[in-house]
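Have the model open as you read.

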Amino acid sequence: MSNKRFENQVAVVTGAGRGIGEAIAKSLAAEGAKIAVVSRTEANSAKVAADINAATPGAAKPYAVDVADFDAVQKTGDQILADFGRCDILVNNAGVTRDTLAMRMSSDDWDTVLQTNLKGAFNFTRAVLRAMVKQRSGRIINIGSVSGLMGLAGQANYAASKAGLIGMTKSIAREIASRGITANVVAPGFIETDMTAVLNEEVRKGALAQIPVSRFGATADIAAAVSFLCSPDASYITGQVLAVDGGMSM
Ligand code: NDP
């Protein structure tokens with residue numbers, strides 16, 4: 001018998017064109033899942049889907065959509081359901097930062113981050129939830145942040161979006177618990193990706209000083225937590241926030 005946990009399952013991973021989402025998509029695929037690789041940029045989704053297909057031919061398809069666009073996401077969701085026939089796992093990982101102090105933050109900085117990080121997760125959940133309810137099974141994982149738990153200076157918009165995800169996740173978890181669907185948040189700390197590569201040395205040093213394990217995390221650390229919450233072992237865990245942050249938010 002195969003010990004792959006996601007054989008015959010279909011996973012939709014947003015923001016899978018690079019960084020944490022790419023690692024999540026590849027690790028779910030390595031355990032047998034078929035993957036809808038979603039990102040904003042066609043070339044990025046196509047590259048990750050090609051990598052997955054090189055290991056497992058036909059396992060992945062690329063999609064390009066702005067998660068903040070409700071109508072476009074419903075269309076992409078319909079296309080994914082038509083292409084794969086089902087949706088077992090949804091990982092809402094697409095996210096952006098527009099960091100600046102609140103007194104300098106523009107209306108556009110606020111809207112872009114809230115629309116992408118919070119509404120984007122709602123949009124994709126809305127697009128696949130009916131299919132999960134019909135199947136009477138599913139896993140929704142929303143990627144939050146340590147910032148949504150503690151607040152971080154310069155991230156009023158981002159922290160609000162990530163804290164908002166927690167309330168949304170708990171509400172949805174209550175709505176669908178009886179249908180065999182769980183919804184949880186994985187809240188990463190500082191993880192080595194393009195998003196943190198832009199931080200200057202002073203900010204990195206300051207962050208490191210706040211991390212009890214004294215290092216930034218790897219994308220694989222987040223992927224492992226997501227896979228666990230998607231697995232049958234986690235069927236009794238719902239509405240929770242799992243911080244994967246080297247102890248930063250404890
Ligand atoms: P990256 O910036 O490396 O990648 C972001 C991904 O999200 C890309 O694939 C990007 O698409 C996609 N994306 C961004 N905006 C949109 C949009 N409007 N529509 C569709 N896709 C979009 O980010 P990370 O991998 O670092 O972060 C992934 C998630 O983890 C985010 O939600 C982030 O907030 C969260 N996180 C990250 C932390 C870190 O330290 N890195 C810490 C805590 C949380 P494209 O490639 O096409 O641009």
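A salt bridge here is a side-chain nitrogen of Lys or Arg within 4 Å of a carboxyl oxygen of Asp or Glu. This is a predicted model, in which local features need pLDDT of at least 70 and side-chain atom pairs count only at pLDDT 80 or more, while totals for chains, interfaces and linings use all residues. Residues are numbered from 1 along each chain as its sequence is written, and side-chain values use heavy atoms, with hydrogens and water left out.

**Salt bridges**

- Eight salt bridges turn up in a search of the whole structure.
- R204 pairs with E192, their closest N and O atoms lying 3.2 Å apart.
- That pair links distant parts of the chain, with R204 in helix α8 (residues 201-209) and E192 twelve residues away in the loop between β6 (181-188) and α7 (194-197); helices (H or I, at least four residues) and strands (E, at least two) are DSSP runs, numbered from the N terminus.
- K26 and D51 form another salt bridge, with 2.8 Å between the closest N and O atoms.
- K26 sits in helix α1 and D51 in helix α2 (residues 42-55), so this pair ties together parts 25 residues apart in sequence.
- Through shared partners, salt bridges join E22, K26, K47 and D51 into one network.

**Accessibility**

- R5 forms a salt bridge with E31, the closest N and O atoms being 2.8 Å apart.
- E31 is buried at 18% relative accessibility, whereas R5 is partly exposed at 32% (buried means under 20% relative accessible area, exposed over 50%, partly exposed in between, with a 1.4 Å probe and protein chains only).
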